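This briefing is meant to be read alongside the sequence and the model. Please keep both in view while going through the points.

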Amino acid sequence: RTKNNEIAASKLYQKGLRTYTAMIDPSVKGDGKAGEEGQAFATVGARAQAALKIFNRIVSKYEGYAVARAAHFYRGRCFYDLKKFGDAITAFKKVLSTKAGGGCGCGGGSSKGGSDALQALALENLGYAQAAKGRLDDALTTFAKLRGLDKGTRLDWAYYHDALIREKKGDIKGAIASYEKFWKGAQDPKAKTTGPNWGLSPVKD
């Protein structure tokens, strides 16, 4: 590992982030210009394809650097947006199987222990991908792990999506119990959050 590689990886990661968070504008012609300020893409799929190319470059060239772990997370998000749920599951599991490393400013946590925000994000999104793939029991297990890890907004989402899955499986009693816990957390004035932010979840139906 070298300092120059760390700098190059970080710059490439920032380019990937700019691409992944670019605006969607149906009037845009072509695929947009990845990584540029003020860029836009015609569709979510076009944006995900462009961002995925960048994050793939990071994990191919800079695997082992702290920023690569975050790149795997965004690869998962890109695959999810492309409805490639199996690939998304693999990417999120890669995040969870890799130790946190500091220094990238990407939510990768600290190599000295403590909070690992990326782990909670990866667990949450793994559950979404498993549910979208139809692996409902796996998703329930993942959201249960998330409830044990995060006590903020993601705890609310873990209960909410647990309820959605149980309802889909026909477990109405279990779904009601999870909905009640979700709503209780959302209304708790002592909670760490002011309630669930509906924009946080990619699964809203």
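The model is predicted, so local features are described where pLDDT is at least 70 and side-chain atom pairs count only at pLDDT 80 or more, whereas totals for chains, interfaces and linings use all residues. Residues are numbered from 1 along each chain as its sequence is written, and side-chain values use heavy atoms, with hydrogens and water left out. The secondary structure comes to eight helices and two strands, where helices (H or I, at least four residues) and strands (E, at least two) are DSSP runs numbered from the N terminus.

**Overall organisation**

- Along the sequence, the elements follow the pattern α-β-β-α-α-α-α-α-α-α.
- Of the 205 residues in the protein, 47% are buried, a term that stands for under 20% relative accessible area, with exposed meaning over 50% and partly exposed the range in between (1.4 Å probe, protein chains only).
- Among contacts with a separation of 6 or more, 52% join residues 24 or more positions apart, contact being defined as heavy atoms within 4.5 Å.

**Packing of H1 and H2**

- Helix H1 (residues 3-20) packs with helix H2 (residues 44-61) at an angle of about 165°, and their axes are 8 Å apart; axes here are lines fitted to C-alpha atoms, for helices over the stretch in contact, and angles run from 0 to 180 degrees between N-to-C directions.
- H1 and H2 are therefore roughly antiparallel to each other, since angles over 145 degrees fall in that class, while those under 35 count as roughly parallel, 65 to 115 as roughly perpendicular and the rest as oblique.
- On the H1 side the contact includes Ala9, Leu12, Tyr13 and Leu17, and on the H2 side the contributors include Ala50, Ala51, Ile54, Phe55 and Ile58.
- By class, this contact of H1 with H2 has 10 nonpolar, two polar and three charged residues, with Ala, Val, Leu, Ile, Met, Phe, Trp, Tyr, Cys and Pro taken as nonpolar, Asp, Glu, Lys and Arg as charged, and the others, Gly among them, as polar.

**Aromatic rings**

- The structure holds 13 aromatic pairs, in which rings of Phe, Tyr and Trp (its six-membered ring) have centres within 6.5 Å, and planes under 30 degrees apart count as stacked, over 60 as edge-to-face and the rest as tilted.
- Trp157 and Tyr160 form an edge-to-face pair, 5.2 Å centre to centre with 75° between the planes; they are three residues apart in helix H7 (residues 153-169) and therefore separated by about one helical turn.
- Trp157 is buried at 1% relative accessibility, and Tyr160 is buried at 11%.
- The rings of Tyr160 and Phe182 have centres 5.0 Å apart and planes at 40°, so this pair is tilted; the pair links distant parts of the chain, with Tyr160 in helix H7 and Phe182 in helix H8 (residues 172-187), 22 residues apart.
- Phe182 is also buried, with a relative accessible area of 4%.
- One aromatic cluster is formed by Tyr13, Tyr20, Phe55, Phe73, Tyr74 and Phe92.

**Two individual residues**

- Thr142, in helix H6 (residues 136-149), is buried at 5% relative accessibility and, leaving aside neighbours within four places in sequence, is in contact with Leu123, Leu126, Gly127 and Gln130.
- Leu96, in helix H4 (residues 85-96), is partly exposed at 30% relative accessibility and, with neighbours within four places in sequence left aside, is in contact with Gln119, Ala122, Leu123 and Leu126.
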